[in-house]
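Open the model in your viewer and get ready to select a few charged side chains. We will walk from one pair to the next.

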Amino acid sequence: MSQALVDLRAEQLHLPKTSRWCKLAPVFGGLGIAGLLTALLLAGQTTLQHFLFSYLTAYLYWLSLALGGLFFVLLHFLIRANWSVSVRRMAENVTATLPLLALLALPLLLGARHIFPWAQGVVSDPVVQGKAAYLNLPFFYLRGGLYFAIWLGLAHFFYRWSLKQDRSEDAELKEHLTGQMTRFAPLGMVLYGLSQTFASFDWVMSLDPRWFSTMVGVTFFSGSVVAIMAFLAFMAAALHLSGQLRDVITLEHHHDLGKLLIGFVLFWAYIAFSQYLVYWYANIPEETSWYRHRLVGSWQVLSIVLAVGHFGVPLFFLMSRHIKRRPMALLVGAAWMLALHYIDIYWQVMPTIHRHGVHFTLLDLATFVGIGGLFLAVFFWLLRRFPLVPVGDPRLAESVAHENF
Amino acid sequence: MATPRVSAVEHEANLSDPLSGRAPLLLGDRSLHGITKAVCRPVECVPSRAWTLFFVVSVAMMGLYVLTTAYLFYEGIGIWGVNNPVNWGWAISNFVFWVGISHAGTLISAVLYLFRQKWRTSINRFAEAMTIFAVVCALSYPTIHVGRVWLLHWVFPIPNQMGTWPNFRSPLLWDVFAVTIYGLVSFIFWYLGMIPDLATLRDRAKTRARKITYGIFALGWRGSTRHWKHYERAYLLLAALATPLVLSVHSIVSFDFAISQLPGWHTTIFPPYFVAGAVFSGFAMVLTLMVIARWAFKFEHIVTIRHLENMAKVILLTGMIIAYAYGMELFIAWYGQNPYESFSCANRAFGPYAWAYWIMIVCNVIAPQIFWFKRARQNVVVLFVVSILINIGMWFERFVITVTSLHRDFLPSSWGDYSPTFFDVAALVGSFGLFFTLFALFIRYLPMVAMSEVKAGLPEAKPHHGAEGGSREASATGEGA
């Protein structure tokens, strides 16, 4: 099995110092800082609430991507996959942004009073008062801390063990580490599922404290998996087009990532439609109010854009085998899904304050670029620092040789 | 004929998780002829006394179903325990129970196929057969529940001079479409996959009658490359078509409940939760039947402990998903602060049907947790007992959902209680008779294991087999999970 490993040339496994990929980290870092500064400047011209909502939208976008990465890594070990070894490092690099995201959550925690109606001093609504045992700031902070403790812990250990495998020459140690990750994956998945669910309750569902749905955790999950699959497919295709990793991440991997992408796009649509249908049919005001806000004025247009763009277009575009095996086409499809995922998050968060229609501002763009720039800076910095694939994984050779039939 | 000898080393390899390559899936005699012989034997030998006894008892139970149904048509559904306010009783629970059971077959044959899970080949035929028989059982309930069974064709949108149409906004009509299509696609998929094996039976037939019968159903299969090419393509397409059905059928069944305004029924997580529950119960049923069948028909070397362990893992996974759904329902019932919803939840756990609720929790949430332990997953007795518990638990889940939400109406003056009559019990027992009768016929006349697919998973079936200088074949005796 080590035969194939020998064939992996060093310049394929590391980004050459002269490569344009290596310049991306500082570029994105600069963009991120500029974006955040612009956002702060723009914040002076608007309300604090608007700024925080804009920030929350951008934050949830990048957080969902990072959590998707964590899911991908955990899933890889849970099901003992071998094809996905060679794309796993990129997912690990995505999870490594979680410490940064924990830091970037501070404005949201500090500004919680201005975001969540239930946190605003005296609550007069008896329904919301009834939820006080859950929706109160100390408990909210405690839970937030717990979620990040879980995510950071999982991301840290899985990344560290994977890097340890890279450096190790000892075959026994490598096997031991893979075994360890495989053993921890099921428990990690349970913790991930619960923390992700309650995080989406706290940060998305409670924006409208009267509204509730048992599906919110699954909805957020489906969006975040679409995001990570799109991101991985985008990166795989982009690296391929730039001549990197061609022998390691092959068209077979592109094909599989594309399949999973369209699969989760369908899953997203299934979940979104199921929730909508159940609420539409029963037509109970306390539940339909949430959709009501999203079906007035220009929000209705955005709802249709979301349904067509996040489901209809990729359904037909990504269906074809040829598209998934053409890097340029896959790149376009993945980029499209990454853009639509922003609309999805925006559509979930923003109608809370813009009741009468879509009101996209420069501030929304600035916060998105701000958080995203820092996120991508970390990602590309790690991409340059460590091998592009987990070179120490005992299953790498199998992954490289993987073929669809 | 005794089970082929299997050495301890082979057993160990079968249960191992090698880091490179995959553990061998088959034990004992792995030759092409050996597989054919092991699978065809139950079909070709004189039926054993055990099989005959099983068949007779099953037919007797089915006879009970026929009789109780005949009386139902004569007397009306008043013979069941259903009344206001519990208009849906055991019949609906049974319907959902059987539809759920059917899901494992499609998941194994279609979804696991797309996920390249080679271990599925040993169990997919068996599970698909179960799917079809379970759909037959499931469809029988709405059929006899309609009251005027002679007007059953009205469930279909058939043009008529009165211009009456079924209500297209009713999930009950969606059920008609969903379950019918599901049954049809599952049947076609099952039959298509069986064609090469039917040809094998035809070629091995010793009597003219067998030769002609299997010959007709083998559709002239000669195993030419052209045949295989078409077959593989059709199989892939049907797998892709059947995959959405795994999700859609039970989602639509869940809409029967979820789109209403009834507390305990109306909750958004119902569609995916029902699908997970269906796969959960279906795998439990496959496990129950497979544990018996592999022992009785001596193909423990084809359906190994590893296959059983993999099924136990799927059961654990789907069991965790339904535990999650139960938890979400409880949390949101409190979080939503809707007094009716919280009452309904409390009533389930502590009301008159609390015993049913706790049976459900113990069987569905607590029992499968034992599968966290490898030793439990590899112990046939534990697997069998837990799978039976899950079958019971999943029936009670549907009972709890149906009855507890109905028996406490919004108006306390309309509250009532429900208890089944003899005819309810007879209909449930009878449906098992129908199911087992079909199953007995299946194992008697059709190959229980997809021989051609099992063989295609062997190392010599690989296009590059032998061409790599034997570097990989040492580790690969069929790839698997």
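Start in chain B by selecting B:R120 and B:E453: both are buried, where buried means under 20% relative accessible area, exposed over 50% and partly exposed in between (1.4 Å probe, protein chains only). This is a predicted model, in which local features need pLDDT of at least 70, side-chain atom pairs count only at pLDDT 80 or more, and totals for chains, interfaces and linings use all residues. Residues are numbered from 1 along each chain as its sequence is written, chains are lettered from A and ligands numbered from 1 in the order in which they are written, and side-chain values use heavy atoms, with hydrogens and water left out.

Now show the contact between B:R120 and B:E453, a salt bridge at 2.9 Å, N to O. The term stands for a side-chain nitrogen of Lys or Arg within 4 Å of a carboxyl oxygen of Asp or Glu. B:R120 sits in the loop between α4 (90-114) and α5 (124-145) of chain B, while B:E453 belongs to helix α16 (residues 451-456), 333 residues apart. Helices here are DSSP runs (H or I, at least four residues), numbered from the N terminus.

Next, select B:R125 and B:D197, whose salt bridge has its closest N and O atoms 3.1 Å apart. B:R125 is in helix α5 of chain B and B:D197 in helix α6 (residues 171-204) of chain B, so the pair ties together parts 72 residues apart in sequence. Both residues, B:R125 and B:D197, are buried.

Finally, move to chain A and pick A:R88, A:R89, A:E92, A:D166 and A:D393, which salt bridges with shared partners join into one network. Within this group, zoom in on A:D166 and A:R89, with closest N and O atoms 2.8 Å apart in their salt bridge.

Note on methods
Helices (H or I, at least four residues) and strands (E, at least two) are DSSP runs, numbered from the N terminus.
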